[in-house]
Amino acid sequence: MKPSIPKGTRDFGASELRKRYYIINTIKGEFERFGYAPLETPVMENLSTLTGKYGDEGEKLLYRILNSGNFLDGIDASQLSEMSHKQLQTQIAEKGLRYDLTIPFARYVVMNQSRLAFPFKRYQIQPVWRADRPQRGRYREFYQCDADVIGTNSLLNEAELTQLYDRVFAQLKIPVTIHLNNRKILAAMAETAQQSDRLTDITVAIDKLDKIGMDGVRRELTERGIDEIAQNIIADFLRIEGSPEVVLAQLAERFANSEMGKKGIAEMKTLLQYLQTATDGGSPLANHLKIDLTLARGLNYYTGTIYEVKTNIVQMGSLGGGGRYDDLTGAFGLKGMSGVGISFGLDRIYDVLEETKGFAQIDQTGTTRLLLINFGGAAEQYAFRLVTQLRQSGICAELYPEPAKLDKQMKYANAQQIPYVGFTGDEEMTRQQVKIKNMASGEQKSVAIADAISRLIK
RNA sequence: GUACUCAUAGCUCAGUAGGUUAGAGCGUCGGAUUGUGGUUCCGAAGGUCGUGGGUUCGAGCCCCAUUGGGUACCCCA
């Protein structure tokens with residue numbers, strides 16, 4: 001049998017993991033700095049938790065787990081042929097793999113509401129699964145790194161999360177643009193165009209502006225049944241360009257009669273003011289901040305601020321996204337809990353750094369400081385005792401597991417980039433010493449065990 | 001769900017117009033070298049050319065189908 005792994009999944013070797021840990025540690029460090037606490041949830045959830053949350057497109061991408069045992073038990077064979085695959089699905093699968101970290105978080109909050117102190121801030125770094133067609137920057141199993149705060153309406157949270165995005169990408173040295181928009185502004189735009197009930201159709205179309213241009217957007221809107229008068233109003237909005245202040249001023253003119261629009265603008269203004277205040281007039285962020293009226297985000301649970309982070313140093317989808325949701329916990333029976341959160345796409349960040357040689361500074365050596373050569377017999381016993389002692393002293397050390405040829409053992413040390421090799425031959429044993437060789441310089445010296453320990457402690 | 005593209009040794013790839021026994025580099029193993037690695041030299045193992053069918057005197061190469069990988073659309077981190 002030829003071994004293989006499912007399409008869109010990957011194994012991670014030592015060198016890849018060291019790079020992944022570097023990213024994770026950077027993100028985790030900022031999460032902690034901003035006061036978020038860790039959380040992990042199961043890889044599988046009840047399907048009832050997941051369904052109805054991600055829209056039709058998302059629902060198709062859910063991995064469903066076949067019930068254990070005889071999953072056909074209780075299914076009428078005569079009805080089988082008349083059942084749609086969707087109907088059958090609900091009867092033979094009641095669990096699924098998590099699709100994102102936000103819904104499991106909402107589920108967790110509702111289940112533990114009596115124990116949690118609100119506002120509740122948590123971060124979560126775990127894999128999620130989507131039954132998508134893999135391609136560049138897209139995998140079936142990938143990591144999301146989420147930070148969410150729930151139980152507070154304050155836009156201070158939005159400001160902090162913007163800073164959090166900024167800090168992480170500044171540390172990773174990936175120049176990004178943080179795209180900001182507000183669902184209320186989008187809703188007001190649809191309202192102004194007399195198309196409030198077609199918000200989703202409109203956002204799907206305008207989201208493609210930079211890809212297909214204004215003509216393409218108009219074509220898409222036509223296909224979705226939006227008339228030309230409405231299209232003109234929408235196109236007029238999309239012409240708004242410039243600094244956040246300019247964009248907001250122009251929006252204010254158009255939203256003179258829209259309560260929803262005014263609210264969206266006010267929220268955006270407050271957010272920007274917080275950011276300005278933070279640095280006392282200095283440049284608030286290391287990265288670009290842009291009000292992007294075409295930013296919509298597919299998930300329909302967003303109600304206020306929405307985020308998306310993109311880089312233009314390499315061709316890649318968004319590196320992160322998020323936003324405010326007013327009623328995510330409502331579906332689980334807890335009303336009136338507003339929250340806001342952001343997500344980092346670990347795998348895409350990895351791909352960007354890999355392509356731009358952004359990992360150059362990562363230490364790729366292993367942790368082992370010393371390899372003891374195995375000469376067999378009494379020398380092996382002596383070396384095993386020594387390696388035990390070294391480890392008890394907190395030194396990462398290895399003893400080659402068999403008395404192989406010296407050449408082979410030395411090559412092993414090279415391959416693992418182990419900085420020191422220790423020899424314990426007859427001479428060293430009688431003197432209770434070990435000969436330590438520095439693999440980089442080639443220098444070697446016989447020293448007493450105690451000296452060896454103090455030498456090897458960094 | 002649609003389209004495009006690729007598939008030869010463990011890995012990365014050559015393979016000329018269809019023509020004898022399918023090659024290289026890296027890696028692995030052995031040797032030069034039984035207590036001193038990186039460099040070097042010598043040698044060895046390793047392939048039903050993704051699979052099935054067809055055309056041909058003859059197919060890794062041409063045709064059809066199929067499977068798998070990649071990419072684009074859709075959607076998304």
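Reply: A polar side-chain atom of Lys408 lies 3.5 Å from a phosphate oxygen of RNA strand B. This is a predicted model, where local features need pLDDT of at least 70 and side-chain atom pairs count only at pLDDT 80 or more, while totals for chains, interfaces and linings use all residues. Residues are numbered from 1 along each chain as its sequence is written, chains are lettered from A and ligands numbered from 1 in the order in which they are written, and side-chain values use heavy atoms, with hydrogens and water left out.

Me: Which elements give two or more residues to the surface near RNA strand B?

Reply: Strand S6 (141-150), helix H16 (406-415), helix H17 (426-430) and strand S15 (433-438). The largest share, 6 residues, comes from H16. Here "near" means that a heavy atom of the residue lies within 4 Å of the strand. Helices (H or I, at least four residues) and strands (E, at least two) are DSSP runs, numbered from the N terminus.

Me: And which residues come nearest to RNA strand B?

Reply: Arg138, Ser318, Asn414, Gly425 and Met439, out of the 40 residues around RNA strand B.

Me: How do the residues of that surface divide into nonpolar, polar and charged?

Reply: There are 10 nonpolar, 10 polar and 20 charged residues. Ala, Val, Leu, Ile, Met, Phe, Trp, Tyr, Cys and Pro count as nonpolar, Asp, Glu, Lys and Arg as charged, and the others, Gly among them, as polar.

Me: What about the bases of RNA strand B, which backbone atoms lie by them?

Reply: A backbone N or O atom of Tyr139 lies 2.9 Å from a base nitrogen of RNA strand B. For Asp426, a backbone N or O atom lies 3.0 Å from a base oxygen. Of the RNA atoms within 4 Å of the protein, 50% belong to sugar or phosphate and the rest to bases.

Me: Changing topic: S15 turned up in that list. What sheet is S15 in?

Reply: S15 belongs to an open sheet of 5 strands, in the order S13-S12-S14-S15-S16, with mixed pairing. Two strands pair if DSSP finds at least two bridges between them.

Me: Which strands stand at the edges?

Reply: Strand S13 (397-399) and strand S16 (444-448). Each has a single partner strand, so one side of each is left without a neighbour in the sheet. Neighbouring strands are turned by 25° against each other on average, direction ignored. For angles, axes are lines fitted to C-alpha atoms, for helices over the stretch in contact, and the values run from 0 to 180 degrees between N-to-C directions.

Me: Parallel or antiparallel, how do S15 and S16 run?

Reply: S15 and S16 run antiparallel, joined by 5 bridges. Lys435 stands opposite Ser446 in S16. Their hairpin has 5 residues between the strands, and Gly442 takes a positive phi near 85° there. By contrast, strand S12 (residues 370-372) and strand S14 (residues 420-423) run parallel, with 3 bridges, and Leu370 stands opposite Tyr420 in S14.

Me: Which helix packs on the sheet and touches S16?

Reply: Helix H18 (residues 449-456), which touches S12, S14, S15 and S16 and makes about 120° with the direction of S16. Helix H15 (residues 377-392) lies across S12, S13 and S15, at about 165° to S13. Contact here means heavy atoms within 4.5 Å.

Me: OK, on to Arg224. Where is Arg224 found?

Reply: Arg224 is in the loop between helix H10 (209-223) and helix H11 (228-238). The Arg224 side chain makes a polar contact with the side chain of Asp201 (2.9 Å). A polar contact is a pair of N or O atoms within 3.5 Å; within protein, one must be able to donate a hydrogen and the other to accept it, and residues adjacent in sequence count only if both atoms are side-chain atoms.

Me: How far apart are Arg224 and Met429?

Reply: They are 205 residues apart in sequence and 84 Å apart in space, C-alpha to C-alpha.

Me: Last one: is Thr203 buried or exposed?

Reply: Thr203 counts as buried, at 10% relative accessibility, whereas Arg224 is partly exposed at 27%. Buried means under 20% relative accessible area, exposed over 50%, partly exposed in between (1.4 Å probe, protein chains only). Thr203 sits in helix H9 (residues 199-206), and its side chain reaches the backbone oxygen of Thr200 at 2.9 Å.
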